[in-house]
Amino acid sequence: MTNSTENPGSFPALRTIDLRGTALDHAALKASLPRPENDFASASETVEQIIADVRAHGYATLSELARRFDHVEQQSTAVPAAARSQALEELDPAVREALEESIRRARLFAAAQIPAPASVDFGQGATVTQRWEPVRRVGLYVPGGLAVYPSSVVMNVVPAQAAGVGSIALASPPQQEFGGLPHPTILAAAELLGITEIHAMGGAQAIAAFAYGVDAATSPTDTEGIEPVDVITGPGNVFVATAKRLVKGVVGIDAEAGPTEIAILADANATPRYVAADMISQAEHDPNAAAVLVSESTELVAAVREELEVQVAGTQHVDRVRAALGGRQSAVILVDDLEAALRVCNAYAAEHLEILTSDSTAVADRVTAAGAVFVGEYSPVSLGDYSAGSNHVLPTSGTAAFASGLNVLTFLKAIQVIDYPAAALHEVGEHVVALARAEDLPAHGDAVIQRIGG
């Protein structure tokens, strides 16, 4: 039986889940872990209607929703080339330099991910080959909301370009402050990367527009419309995540990237101020962000709570951070030992998992479920958010148990090529006929017999 307490009097109702002395199986362990209340069921009804309206009415719906949600008047979603170039010209030089370095590192890592073709020779000239081809067109989503995410432009675009995708479209919510265009820093990042098709649209309607396309005839000014894509990627709120879930199958998607989360596996040797700082760094994203500390050391936990008291008071987004750390999705999880801590972390399957333990590299090697693993005290999650070279579009809400972070393979598809000459078909043909008859599909066998006799 697990014990959960709200810790009144300590930093702000960051609850403790005490798993010491328990022997939970995997299912029970997963059920005991803190999770946000992502109400996909209630969001689905709203999102289904938005998708249906975008499909039926195109730009009229996009314009109406931009007015309702973003408070902007919109004739077209397309961002003019002049706005992109102006945004880059006016970009803070320090931010430009940081983006360029992020792009450089991301490109190096993406290039290393490109898979080689595979081929097997079965004799008699028979070969089976697997080759990789990029998808034709992709739609990349960059959120707006409480923060600005030019880094998400980099994370989405670079692996798509490395994969060789020929047509890349990007969407980000229109901003009233910037005349109905996306934030200029997002436009500048896209311009740095050579992206010329950018749409000022956000939320579930952007996902619908990418999945099904938008007819130019529904716009009073746009003569090109929005062509449907084959894959949609990028993080977003519950409505974006729900929309991606609903259009999956019509298009491919990356993982369902919802509110951010960090889990930290730390032992008594960890530095409390680093642990607290890293929890705060992710909590400032969103009141629904999750921060989870897993440890066997009650002394470390007490010291981290003290650090949180000090550091949260001095952070800019204090209300947002307090809401996130005080939410049901955040907690301290006490365990008996390192083995138990690893079981918890593998069951939790965090978007971001930090390992702050003795021999952290060896511990990290035993992690089997996480979007990204950050090893040691000098590999904080914020490094991966911007400049490590890794990708920060990662699976959340436990989906890292089966899903991967955004990478080059997201934008590639494997094609198998079978090339058998007559001699090779003769060699294996009787086996094809036997299996076809066993499955009561005799015409399958007959297709071979027509070629080899028998």
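Q: Helices (H or I, at least four residues) and strands (E, at least two) are DSSP runs numbered from the N terminus; in which helix is the place of Asp385?
A: Asp385 lies in helix 15, which covers residues 381-386. The model is predicted, so local features need pLDDT of at least 70 and side-chain atom pairs count only at pLDDT 80 or more, while totals for chains, interfaces and linings use all residues. Residues are numbered from 1 along each chain as its sequence is written, and side-chain values use heavy atoms, with hydrogens and water left out.

Q: Is Asp385 buried or exposed?
A: Relative accessible area decides this (1.4 Å probe, protein chains only): buried is under 20%, exposed is over 50%, and partly exposed is in between. Asp385 counts as buried because its relative accessibility is 10%.

Q: Which residues does Asp385 touch, not counting residues up to four places away in sequence?
A: A contact requires heavy atoms within 4.5 Å. On that basis Asp385 touches Ser151, Met155, Gln282, His285, His352 and His392.

Q: At which residues does UniProt place the feature "binding site"?
A: An unreviewed UniProt entry gives that feature at Thr260, Gln282, His285, His352, Asp385, Glu439 and His444. The annotated residues span 185 residues of sequence, and in space they are spread up to 56.8 Å between C-alpha atoms. UniProt positions follow the numbering used here, with shortened feature names, and annotations may be inferred rather than shown by experiment. Asp385 is one of the annotated residues, and its contacts include Gln282, His285 and His352. His444, also on the UniProt list, is found in helix 17, residues 442-452.

Q: How many salt bridges does a search of the whole structure find?
A: The test is a side-chain nitrogen of Lys or Arg within 4 Å of a carboxyl oxygen of Asp or Glu. Side chains of opposite charge can pair when their charged atoms come close. The search of the whole structure finds 13 salt bridges.

Q: Which parts of the chain does the Arg84 and Glu191 pair link?
A: The side chains of Arg84 and Glu191 meet at 3.2 Å, N to O. The pair links distant parts of the chain: Arg84 is in helix 4 (residues 81-89) and Glu191 is in helix 7 (residues 184-192), 107 residues apart. Arg84 counts as buried, because its relative accessibility is 8%. Glu191 has a relative accessible area of 25% and is therefore partly exposed.

Q: Where are Arg136 and Asp230?
A: The closest N and O atoms of the salt bridge between Arg136 and Asp230 are 3.7 Å apart. Arg136 is in the loop between strand 4 (126-134) and strand 5 (137-141), and Asp230 is in the loop between helix 8 (203-212) and strand 8 (231-233), 94 residues apart. Arg136 is partly exposed, with a relative accessible area of 43%, and Asp230 is partly exposed at 29% relative accessibility.

Q: Are Asp254 and Lys244 buried or exposed?
A: Both Asp254 and Lys244 are buried. Their side chains form a salt bridge at 2.6 Å, N to O. Asp254 is in the loop between strand 9 (252-253) and strand 10 (261-266), whereas Lys244 is in helix 9 (residues 238-247), 10 residues apart. Elsewhere, salt bridges link Glu101, Arg104 and Arg105 in a network.

Q: What order has the open sheet of 5 strands?
A: Two strands pair if DSSP finds at least two bridges between them. The order in this open sheet is 7-6-5-8-9, and the pairing is parallel. Strand 7 (197-200) and strand 9 are the edge strands, each pairing on one side only. Strand 5 and strand 6 (residues 167-172) run parallel and are joined by 5 bridges. Tyr141 has Ala171 in strand 6 as its bridge partner.

Q: Which residues form the covered face of strand 14?
A: In a regular strand the side chains alternate between the two faces of the sheet. Strand 14 (residues 372-375) has Ala372 and Phe374 on its covered face, with Val373 and Val375 on the uncovered one. Strand 14 pairs with strand 13 (residues 352-356) in the parallel sense over 4 bridges, and Glu354 stands opposite Phe374.

Q: In which strand is Ala414 found?
A: Ala414 is in strand 15, residues 412-419. Ala414 is partly exposed because its relative accessibility is 38%. Leaving aside neighbours within four places in sequence, Ala414 is in contact with Gln130, Arg131 and Trp132. The C-alpha atoms of Ala414 and Phe69 are separated by 40 Å, with the residues 345 apart along the chain.
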